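Please keep the sequence and the structure in view while reading.

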Amino acid sequence: MANRYDLVIIGSGPGGYVAAVHAAQLGLKTACVEKWPRLGGVCLNVGCIPSKALLDSSEYFHLAKVQLASHGITTGTIGMDVSKMMARKEQVVKDLTDNVKKLLENHKVVILQGTARLAGKNRITVDSAGKTETIEADNIILATGSAPVAPAGLAFDGKTILSSTEILKLDAVPGRLGIVGGGYIGLELGSVWLRLGSQVTVIEMLPEIASSMDGQVRRRLQSLLKKQGFTFRLGTQVTRATVAGDKATVVIESDGKSETLEFDKLLVSVGRRPLTQELNLEAVGVATDPQTGFVRVDASLHTSVAGIYAIGDLVPGPMLAHKASAEGKAAAEIIAGKPGEVNYDAIPSIVYTAPEVASVGLTEEHVKKLGIPYVTGAFPFAGAGRARCLGETEGFVKVIAHKATDRILGVHIIGARAAEMIAEAVLALEFGASAEDIARTVHGHPTFAEALMEAAAAVRK
C-alpha cells in the first residue's frame, strides 16, 4: 500500500529527523511529517542554531571592539550592521535546514508537508493546503517539540513583549532590554544584545540565576555577567506588563514592595511547554501528565497506546536538542526490534554565554542531597598555558568523584571552550571512569583540555 509505512514520525526537529534517518538505515519504510515550510524544527529554525549564530556574530563584534588591542591589533571605528548580521543568521539556518532535507531524501525518507493528527492507533491524517490525506503506520513517533510559555499578564505581542522566537529577528539594537527569567535562554539572548550595546536587566523570581547549575559555577557566572554589564533583579516577580507606544512598562514586586520599570523590548523567557494540542492525543488514548502536559512514556519511550512513541520536548527531562536526538535514535532501534536506550545520567548541558558553561552528571548540591560521600578537584583556567595565550583566563573546571571508588559523579566547566571540553567528561561518565583515569590520560600541551586533567588530578591532591 503506497501510503502505509513501517514508521511515521510527526515532527522533523533534531529528534524527528534523526529518528527518521536511523529508522531508514535499519530498513524501515519511513515517512516524516512537518507542518513548517522548512525542516529542522525549533532547534534549526528558531532555537539553537539562529541563537548561536547571533551569539558568534556578537562575540566577534565584542572581541574587535574590546580585546584585539591587547594583542597589538589596531582597528578603526567598529560598527555593527544588524541587518547583515541577521541575513548571515538566516543563511546559516537555510543551509542547515536544506541539509536536513537532503539527508532525509538520500535515505529515502518520504517527507510529507502538512499538519498531522492521530486518527486512530495506526492512522494519521495530514492536512495541507485545504486537502486531507490519510496514511497508515505500524508505528508512530511523536516529535513535535515545544513552544515558549507566556504567563498571565505577560502575553507576547511579537513587537514589544517578545518570546525567544521574535527576539531573534530584531532589526535594531534595543536601548533597554528587559528579560523575565534567568535561565540559559534569557542569559544567552541577553548576551547577544548586551554586547551590541543594550542595557540588559534580568528579572528572576528565584534568588539565583540558572538554578540547575552547580552552585559554585552559578555564582561565578553571575559575577562575570554582572561585570560585563548585566543588571540582575533576583527574588523579584513580574506582576504585569503593559505596552504603550513602543515601550513596555513592567510592574515588579520584591520584599513586598512594588516598582515600575520601562523597557524598549521585553523578552519573556520563563520556560517552554510541550506542543501536543494539534495531535488529537485524547481521542486516541495517549496519556499526558495533567500538571506538566508531558506525554507519559515508559523506559522504551512507548506511550500508553501500543505502537505510538514520544520523544524530545514532549516527554520529561531537559529540553535539549541532543537529548531529543538520542531518544529518536533509541526509539527507532526499539521499533526495529533492536536494543535501544538513553543514558540520562550522561547528557551534557551547555550555556553559550561568555564564558561558556558546560556540565554533565551530578552537581555538588545534588550529591550532598543524595548523601553520597564525595571529593572534588578544581583547576583555574588562569593556570592553563593555552588560556593565558588567548587571554581567556576566566573560569575553572570542577570534578566531583565518589570518595571511596573515585568514580566520576559530575564535571562542571565555566570558561572558554567549555562546550567542546565537556565531551570528554561525558565519555568518561558513560564508561564509568574514575578521576584518576582522566588525570593519567595524556593531554596535549598547551590546550584548554589540560585544565580538566589537572582538576581530575586535584581530586586526590
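The crossing of helix 3 and helix 4 is right-handed, a term that applies if the near helix is turned clockwise from the far one by less than a right angle. This is a predicted model, in which local features need pLDDT of at least 70, side-chain atom pairs count only at pLDDT 80 or more, and totals for chains, interfaces and linings use all residues. Residues are numbered from 1 along each chain as its sequence is written, and side-chain values use heavy atoms, without hydrogens and water.

The axes of helix 3 (residues 48-67) and helix 4 (residues 82-106) come within 9 Å and cross at roughly 140°. The two helices are therefore oblique to each other, the class left once angles under 35 degrees (roughly parallel), over 145 (roughly antiparallel) and 65 to 115 (roughly perpendicular) are set aside. In this contact (heavy atoms within 4.5 Å), I49, P50, A53, L54 and S57 of helix 3 meet M85, M86, R88, K89, V92, V93 and L96 of helix 4. By class, the contact has 9 nonpolar, 1 polar and 2 charged residues.

Helix 6 (residues 215-228) has 14 residues, which at 1.5 Å a residue should span 20 Å; its end C-alpha atoms are 20 Å apart, in agreement. Its buried residues (under 20% relative accessible area) are G215, V217, R218, L221, L224 and L225. They pack against elements including helix 5 (184-195), strand 19 (356-361) and strand 22 (408-415).

In helix 11, the buried residues are A418, A419, M421, I422, A425, V426, A428 and L429. Their cover includes strand 18 (349-351), helix 12 (435-439) and helix 13 (450-458). Helix 11 is followed by G432, with a positive phi near 65°.

Definitions and conventions: Axes fitted to C-alpha atoms, helices over the stretch in contact; angles between N-to-C directions. Helix = DSSP H or I, 4+ residues; strand = E, 2+ residues; numbered from the N terminus. Nonpolar A, V, L, I, M, F, W, Y, C, P; charged D, E, K, R; others polar. Expected span 1.5 Å × (residues − 1). Buried < 20%, exposed > 50% of the residue type's maximum accessible area, 1.4 Å probe, protein only.
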